[in-house]
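Student: Could we go through this structure together? I am new to it and would like to take it piece by piece.

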Amino acid sequence: MRWRHPPVYRPLVDLSTMEERHILVTYRLDRATVQEMCAQLEPDLMSAIRHPTGIPPLVQVLSVLHFLASGSFQTTVAMASGMCQPMFYNVLSRVLPALLKHMRSYIVFPQVEDLPTVKGDFYALGHIPNIIGVIDGRHVAFVPPRRNKQVYRNRKSYHSMNVQMEGDRTHLRPPEGQIPVPPSDRCPLYNSLKKVCQIIMACRMLHTLALRRQVPFLQEDGPYVGLVAAVEPVDSEEEEAEEEDIDNQNNIIMQYFQ
């Protein structure tokens with residue numbers, strides 16, 4: 001008769017035992033925001049806990065937030081959350097669609113009546129008139145599907161999804177970011193094309209949520225000091241360069257934005 005060892009279950013991650021700072025560093029959201037998000041997604045995640053060893057909705061949400069906030073591998077996040085990698089893969093496949101059901105509540109475009117306010121916000125930022133938005137792009141590396149691989153090869157000779165982001169003044173953030181964008185060419189996403197798109201949209205949605213809730217951005221080695229870096233003394237050469245930049249900016253404004 002073959003002897004079977006009883007299953008060993010890792011302890012699941014528990015939000016109630018975490019300090020607020022640890023929550024901010026690990027999930028890039030505060031406790032209240034995480035709990036509200038869990039309550040919002042719970043109806044879509046309850047079916048996964050019918051089995052005696054099912055993962056509670058809160059643990060599902062925490063594990064996916066950790067994955068999106070860290071950009072780490074699924075195995076690493078799964079172990080930190082108290083589950084195995086195949087189980088986390090199933091959790092990720094459930095939480096991402098549930099999260100994106102509420103995307104329209106967080107990612108919105110300004111309406112015509114909002115444009116004067118948007119222009120005023122941008123003018124206060126850089127003194128350039130008539131700006132209604134900013135746009136930028138990024139190549140998000142991923143493992144391409146077997147068919148039509150050449151379609152996803154970029155000019156730097158690796159496979160990527162070309163992502164375009166748009167935003168207004170209220171959604172600007174320095175490169176460090178709140179919820180990081182998906183990894184670059186150094187750490188490609190090992191997911192299907194559909195899931196790569198879901199991860200990108202989920203990161204954008206959570207980034208907007210963190211800014212809307214004014215969640216402080218903390219790092220392992222200390223707090224992030226705000227949207228503007230600490231002011232350092234400048235020498236005369238830097239002052240001259242700044243004056244030249246201001247002149248160039250004024251010339252651009254006169255030529256293109258009046």
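Student: Where does His159 lie?

Tutor: His159 lies in the loop between β1 (134–141) and β2 (160–167), where strands (E, at least two residues) and helices (H or I, at least four) are DSSP runs numbered from the N terminus. Before we go on, please note that this is a predicted model, in which local features need pLDDT of at least 70 and side-chain atom pairs count only at pLDDT 80 or more, while totals for chains, interfaces and linings use all residues. Residues are numbered from 1 along each chain as its sequence is written, and side-chain values use heavy atoms, with hydrogens and water left out.

Student: Is His159 buried or exposed?

Tutor: His159 counts as buried, because its relative accessibility is 16%; buried means under 20% relative accessible area, exposed over 50%, and partly exposed in between, with a 1.4 Å probe and protein chains only.

Student: And which residues does His159 touch?

Tutor: Leaving out residues up to four places away in sequence, His159 touches Val140, Ala141, Phe142, Pro144, Lys149, Tyr152 and Arg153, where contact means heavy atoms within 4.5 Å.

Student: What about the phi of Asn148?

Tutor: Phi of Asn148 is near 60°, a positive value in a residue other than glycine, whereas most residues other than glycine have a negative phi. Asn148 also lies in the loop between β1 and β2, and at 46% relative accessibility it counts as partly exposed. Ser157, which lies in the loop between β1 and β2, has a positive phi of about 70° although it is not a glycine.

Student: Changing topic, how do α3 and α4 pack?

Tutor: Helix α3 (residues 57–70) and helix α4 (residues 74–81) pack at an angle of about 140°, with their axes 10 Å apart; axes are lines fitted to C-alpha atoms, for helices over the stretch in contact, and angles run from 0 to 180 degrees between N-to-C directions. The two helices α3 and α4 are therefore oblique to each other, since angles under 35 degrees count as roughly parallel, over 145 as roughly antiparallel, 65 to 115 as roughly perpendicular and the rest as oblique.

Student: Which residues make that contact?

Tutor: On α3 the contact is made by Val59, Ser63, His66, Phe67 and Ser70, and on α4 by Gln74, Val77, Ala80 and Ser81.

Student: Last one, how far apart are Tyr27 and Leu65?

Tutor: Tyr27 and Leu65 are 38 residues apart in sequence and 5.5 Å apart in space, C-alpha to C-alpha. Tyr27 lies in helix α1 (residues 20–27), and at 4% relative accessibility Tyr27 counts as buried.
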